[in-house]
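Trainee: I would like to learn how to read the features of a structure like this one. Could you walk me through it?

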Amino acid sequence: MNAAFGRRVRATNTCGVTKPTNFCGLTDKICDVCIDGDPYRQHPPSYLTDFNNFENETWWQSETMMDDIQYPSVVNLTLDLGKAFDITYIRLKFKSPRPESFAIYKKYSADSDWVPYQYYSTTGEDSLTLGTVPVLQHWVTATAIRITLNRLNTFGDEVFRDPRVLQSYYYAITDFAVGGTCKCNGHASNCVPSTSESGEERLVCQCQHNTAGADCQRCLPFYNDVPWRRATPDEASECQACNCNGYSNRCFFDQELYDKTGHGGHCTDCIANRAGVNCERCQENHYEREDGYCIPCDCHPEGSRSLQCNINGKCSCKPGVGGEKCDRCEANFFDFSSQGCRPCNCHVAGSLANQPSCDPDTGVCSCKANVEGQTCDRCKPGFFSIDEQNQFGCTPCFCFGHSSICDAATGYSEVVPQSEFVRSDEGWTAVSYSGQPVSHAYRPLVQVIAVSSPSQEAVYFSAPGERPRWAQLDPWLRATDSGLALQRNQEFTFRLHEHADFGWSPRLRARDFIALLSNLTAIKIRATYTPEGKRRVHAP
Ligand SMILES: [Ca+2]
């Protein structure tokens, strides 16, 4: 096929373009004028590749020797084939005498340099066939052909500078044909007409094997997992799709990656906050949730050591900073800054509910009712003995109205009576409501003490030990009735305090309550409302 047919040829010189060109026949001396744009007098480059009608031949023509087109000036005719062809022949049909010297150059790819193909410097026939010459593959492959017309063929009579003689020397070519077969690198069996981006009709390969391009010279987009290769009779050398795990449809071929892994597909523009050559992991500063979604860490830039969180989305916080995102001070810390948070140093015993916590801006600790100070480290005036066990923190001073200021005295201790009844009654006794001793029994086998109420009067166990100043009782009591054990351990905690929260009845004013405690002689616990019957207290 003629790959040049209908294709545009660029000529560096054409008659009648800059001005009308007068020219004359070499032998008959009949003169005419060439005017570009005049349908009857023009000889544009498009006449080189139009349909060659032998009845009415059209031709391209240059200016004449009058216009100094002779050596060292040259005229180039450039034919861009639009894609690669395997060239079998190039044929030029001259209307003028064949030049004394001309050359053919070619490009074997769109971005290669011009390389010489053939030189001609002999006179002879007006047409020429190059034939099929078995040379290197890319040698006969061409994407563009250039004819360089170097030197006109004259009879030597131009030396007299006779205008009619000079006007009879010019280049004129009727037809420029290029025999070629569509070259598709083995990835197509035929070529089809196609319109290029510039709107030009041309032949392109009908590519297979996931290849693309006019010559199937590259892989289709997203088929870059292996390098493009020319197909051979033994191997299709298909282009392979990239593996982007469904998170991208774009990739490029990465030679380094291919050398390392055998897969060169390097994905780009991963969606869903993904990254990695296969979009296989989450972007920086994201983590993969259990459902596979990549979620931004959103670590606070000031409070976090790093913007990258762990696999659970937890950020790594600076000292004193807390929260999943490290966006606030931890309890007992304040003054959030890029340095972290500073400790408030709230005292445990003075802090509300013994949970040290402070205002995150001022660092002022939240104190119990009777406690004060930036760090809740001291009792309010009129209170003493800061104590973790005391929900108000400090105890009001009680000096029978003689002073409102006091301090903790030494020589007092906490006593926690505990009875196991392993070997004896351990000093426990029993008394009646009126204070009369009542006999009790110790049962070593079951390790209990027991008492019977002889009358309607209530009977109480009496614990050993000294009279408490104020007491907290944590007895384990287990009641049995007529030998039928309830078999349920119950723990009772009572605090003797005037505050309404403790529900003592009748309610007393603080002063009265303290006065009462200061004169405490006994604490009686009634474990049943039934005055008669047997009751036992024993260790668990
Ligand atoms: Ca023609």
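This is a predicted model: local features need pLDDT of at least 70, side-chain atom pairs count only at pLDDT 80 or more; totals for chains, interfaces and linings use all residues.

Trainee: How many helices and strands does the protein have?

Mentor: Helices (H or I, at least four residues) and strands (E, at least two) are DSSP runs, numbered from the N terminus. Here there are four helices and 39 strands. Buried means under 20% relative accessible area, exposed over 50%, and partly exposed in between, with a 1.4 Å probe and protein chains only. Of the 540 residues, 38% count as buried. A contact means heavy atoms within 4.5 Å. Among the contacts with a separation of 6 or more, 51% join residues 24 or more positions apart.

Trainee: Which residues are the protein donors of the calcium ion?

Mentor: Donors are N, O and S atoms within 2.8 Å of the metal (3.2 Å for Na, K and Ca); water is not among the atoms, so sites may look incomplete. In this model, the protein donors are Tyr-47 (O), Asp-50 (OD), Thr-58 (O), Thr-58 (OG1) and Thr-174 (O), at 2.4 to 2.6 Å from the calcium ion. Their spacing in sequence reads Y-x2-D-x7-T-x115-T. Asp-50 sits in the loop between strand E3 (31-34) and strand E4 (60-64), and Thr-174 in strand E9 (residues 170-182), so this pair ties together parts that are 124 residues apart in sequence.

Trainee: Are Asp-50 and Thr-174 buried or partly exposed?

Mentor: Asp-50 is partly exposed at 21% relative accessibility, while Thr-174 is buried at 3%. Leu-48 belongs to the loop between E3 and E4 too, and it is buried at 0%. Beyond four places in sequence, Leu-48 touches Val-9, Trp-60, Leu-77, Ile-173, Thr-174, Asp-175 and Phe-176.

Trainee: Which residues touch the most other members of the largest nonpolar core?

Mentor: In soluble globular proteins, nonpolar side chains tend to be buried together. A nonpolar core is a set of buried Ala, Val, Leu, Ile, Met, Phe, Trp, Tyr and Cys residues joined through side-chain atoms within 4.5 Å. The largest one here has 32 residues, of which Ile-145, Ile-147, Leu-149 and Phe-176 touch the most other members. Elements giving two or more residues to this core are strand E5 (75-94), strand E6 (101-107), strand E7 (115-120), strand E8 (141-151), helix H2 (163-166) and E9. E5 gives the most, with nine residues. A second, separate core of 11 residues includes Cys-309, Cys-317, Val-321 and Cys-329.

Trainee: How much space lies in the second largest pocket?

Mentor: Rolling a probe the size of a water molecule over the atoms shows where empty space is left. On a 1 Å grid over the protein atoms alone, a pocket is an open set of points where a 1.4 Å probe fits, with protein on both sides within 12 Å along at least five of seven lines; lining residues have an atom within 4 Å of a point. Grid points are joined across faces, edges and corners, and a volume is the space filled by probe spheres set on the points. The second largest pocket holds about 540 Å³. It is lined by 27 residues, and Ser-109, Ala-110, Thr-143, Asp-215 and Gln-217 are the closest to its centre. E5 provides the largest share of that lining, five residues.

Definitions and conventions:
Residues are numbered from 1 along each chain as its sequence is written. Side-chain values use heavy atoms; hydrogens and water are left out.
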